[in-house]
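Here are a few notes for when you open this one for the first time. Have a look at the structure, then go through the points below.

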Amino acid sequence: MFLKKLFGFGKDYTHYLEKGDKYLADERFADARNAYVEALEKLEASGRADISGADAIQRKIAHTGNMLGRLNLTEAEHAISSGDGKKAGEHLNIIMELADDPTLREKAERLQKELGSGSPGESQIEEALDCSSCGGNEVEHENEDEDQQGMEAGIAGADRVALYFHTLPGDLPDRYAAMGEEFARGCLYNLEGNGEEALRVFENLAANAENDILDYEKAIIHFHYGDSGKCEELLLKAIDINPANPLCRIGLVQLYSESGRVREALQVVERMIEADLEPDQARMMQGELYALLDDELNAIESFSKLLDSPRYAREAAERIVPLLQRQGRTEEAAFLAKKFARRR
């Protein structure tokens with residue numbers, strides 16, 4: 001999760017709806033779904049929710065969930081063909097969590113039965129966020145209707161936490177899932193915008209042992225509250241504990257760039273590339289940082305190295321085209337624009 005994703009608390013639902021539409025147009029389905037979920041929550045909390053407006057957002061949430069389901073089905077089938085049943089099980093569980101398309105779910109269920117395996121940490125997430133503990137031990141439901149509402153809230157919370165975990169890079173989905181029930185609850189608090197309660201949970205857990213994941217999660221909360229000094233301290237500590245955690249370095253890049261320390265951000269990105277930590281993502285950030293410095297030649301060079309990347313090729317091309325046009329290299333710009341125009 002990029003640090004800049006924490007900006008925007010206090011915006012009304014239209015802000016998140018527009019953000020979701022933009023992500024959807026860019027085929028960033030996980031980000032789009034998160035934005036739509038936020039939009040629905042903001043709309044319902046505003047007291048201005050109308051049935052048609054809420055239904056429209058629900059349809060968008062369902063659509064992005066199905067798109068994520070299709071992507072994960074492809075990944076699951078690839079994992080099965082590669083003999084990696086564990087990874088396949090993870091992707092199939094995501095389908096069952098997010099997709100409501102009957103065909104997708106039927107295929108996922110069939111493959112799950114064949115594999116007979118599930119994703120790591122799933123039971124921990126479910127137990128952490130079940131309806132019996134959503135409001136604390138001292139809270140009791142007054143009737144069955146409230147019980148049902150609590151259950152629905154717990155399921156929605158489990159989905160949000162599971163989606164967050166599953167979209168993390170590298171081995172972090174497994175590591176986050178293995179952090180336990182209380183950590184999952186802290187993540188849900190943070191996803192819901194309750195940073196104070198999330199920080200309390202993370203601080204309590206950190207009292208027992210140093211952990212790069214806890215320091216990262218605490219860092220982004222401090223960033224949101226405007227304490228960039230504490231944020232930097234925690235991110236540097238997390239990197240010292242585990243230099244291989246890419247999120248901590250990505251967070252540091254975002255912190256430095258937001259603070260105008262672009263040269264320092266570039267140094268962090270270069271170390272990521274050298275260490276082979278999410279190198280394609282690091283190249284994208286490198287290109288964007290060079291663009292901030294108006295260093296168009298180095299920006300083009302960084303983006304150009306991604307034109308064969310399955311994940312970032314189209315996005316890199318979109319960044320290069322206006323840079324080429326500004327340099328008068330119109331033929332090259334036109335060629336790239338045409339080549340990647342259909343890659344959606």
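This is a predicted model: local features need pLDDT of at least 70, side-chain atom pairs count only at pLDDT 80 or more; totals for chains, interfaces and linings use all residues.

1. For the protein overall, the mean pLDDT is 80, and 80% of the residues reach 70 or more.

2. Now for the inside. The largest nonpolar core has 65 residues, and Tyr 164, Phe 165, Tyr 176, Phe 183, Phe 202 and Tyr 216 have the most contacts within it. There's also a second, separate core of 13 residues, with Ala 32, Ala 35, Leu 40 and Ile 57 among them.

3. Leaving out residues up to four places away in sequence, Phe 183 touches Phe 165, Tyr 176, Phe 202, Leu 205, Ile 213, Leu 214 and Glu 217. Phe 183 counts as buried because its relative accessible area is 0%, under the 20% cut-off.

4. On to the rings: the model has six aromatic pairs. Tyr 164 and Phe 165 make a tilted one, 6.1 Å centre to centre with 50 degrees between the planes. Both of these residues are buried.

5. Phe 165 also pairs with Phe 183, this time stacked, at 6.2 Å and 20 degrees. That pair links distant parts of the chain, 18 residues apart: Phe 165 is in helix α7 (residues 144-166) and Phe 183 in helix α9 (residues 181-191).

6. Finally, Tyr 164, Phe 165, Tyr 176, Phe 183 and Phe 202 form one aromatic cluster.

Terms used
Residues are numbered from 1 along each chain as its sequence is written. Side-chain values use heavy atoms; hydrogens and water are left out. A nonpolar core is a set of buried Ala, Val, Leu, Ile, Met, Phe, Trp, Tyr and Cys residues joined through side-chain atoms within 4.5 Å. Buried means under 20% relative accessible area, exposed over 50%, partly exposed in between (1.4 Å probe, protein chains only). Contact means heavy atoms within 4.5 Å. pLDDT is the predictor's confidence in each residue, from 0 to 100. Rings of Phe, Tyr and Trp (its six-membered ring) pair if their centres lie within 6.5 Å; planes under 30 degrees apart count as stacked, over 60 as edge-to-face and the rest as tilted. Helices (H or I, at least four residues) and strands (E, at least two) are DSSP runs, numbered from the N terminus.
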